[in-house]
Amino acid sequence: MIKRAILFGGKAIVSVLDTTKLVADAADIHGFSDSVARAMGKALTMTAFMSGNFKGTANKLTIIIEGNGLGGKAVLCGDYGAKVRGYIENPRASLDKDVSVSEIIGKEGYLNIIKDFGLKEPYNGLSHLVNGNIDEDFAYYFTVSEQLPSAVALGVDFKDGKCKKAGGIIIQPMPNCSEDEIVILEDIARNFTDVPALLESTGAQGIIDYYFGHFEIKQLPDIQEEYKCSCSRERIAAMLLTLGKKEAFDIAEKEGKIEVGCEFCNTKYVFDKEDLKRLFE
């Protein structure tokens, strides 16, 4: 669940996310190693946060994290209402040894954010990775690409193939937020060094109530994030049509079928010659 509140009468927004089920579902689908699960869990949490803020139902988000770490490139997508999905090139990286998130992502590389609002051209923001820890990388992106300095605290407690707790706390001051109010928020943010432990002991709503309830706050509607892929047999069929009849039948003749796998949910779609005949007719 994503809990959100406006602070100081509209001068800042705090979002607290409990993404435990989201991260657990992603790990089950992809078979993440513990180290990869902690890195992808943070990235999925940020994807849920950003897509959860969409106003238009057709808005789409793509996040590409291309670092020099053990996990390789990670691609994450989010739709309106925090419906997210993602994959990483090496989901089983460092299977026999726990390593840091930075070692999975890499300390050098790029964070590319693409937002499609249905306009002629999508918004494209690019920033350098700060240290591959995800928290600082997204905080830096918000500052340099969206001119929205943000405090980002993320955490994933994942061990022995199980997600005990995962989530994040993001504080974003608005342009009309005073220096004194920013200092107050910075002081509060220093408490968020162990997000999973806070979520376990206090809960998402409890964090807002305890740390921010004494300000002038207005609670916003909750958002239920979810790991949800947008693939379907119909979409794959439409993709096959773009191959052209000759090429599609050539592949089917050689392989006996055409099999297409979705990288986001590992679903396999199989089309035999009869399927192709009906499709192109």
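**View 1. The overall fold has the radius of gyration of a compact globule.** With 281 residues, a compact globule would have a radius of gyration near 19 Å, and the chain agrees at 21 Å. This radius is taken over C-alpha atoms, and the globule rule is 2.2 Å times the number of residues to the power 0.38. The C-alpha trace spans about 70 × 45 × 30 Å along its principal axes. The model is predicted: local features need pLDDT of at least 70, side-chain atom pairs count only at pLDDT 80 or more, and totals for chains, interfaces and linings use all residues. Residues are numbered from 1 along each chain as its sequence is written, and side-chain values use heavy atoms, without hydrogens and water.

**View 2. Helices and strands build the chain.** The chain holds 10 helices and 13 strands. Both are DSSP runs, numbered from the N terminus: helices are H or I with at least four residues, strands are E with at least two.

**View 3. C77 is a buried cysteine.** Buried means under 20% relative accessible area, exposed over 50%, partly exposed in between (1.4 Å probe, protein chains only). C77 counts as buried because its relative accessibility is 10%. Which cysteine sulfur is closest to that of C77? The one in C229, at 8.7 Å, is too far for a bond. A disulfide is a pair of cysteine sulfur atoms within 2.5 Å. By this rule, the count is zero.

**View 4. C163 is in no disulfide.** Its nearest cysteine sulfur, in C265, is 20 Å away. C163 is buried, with a relative accessible area of 15%. Of the 281 residues of the chain, 50% count as buried.
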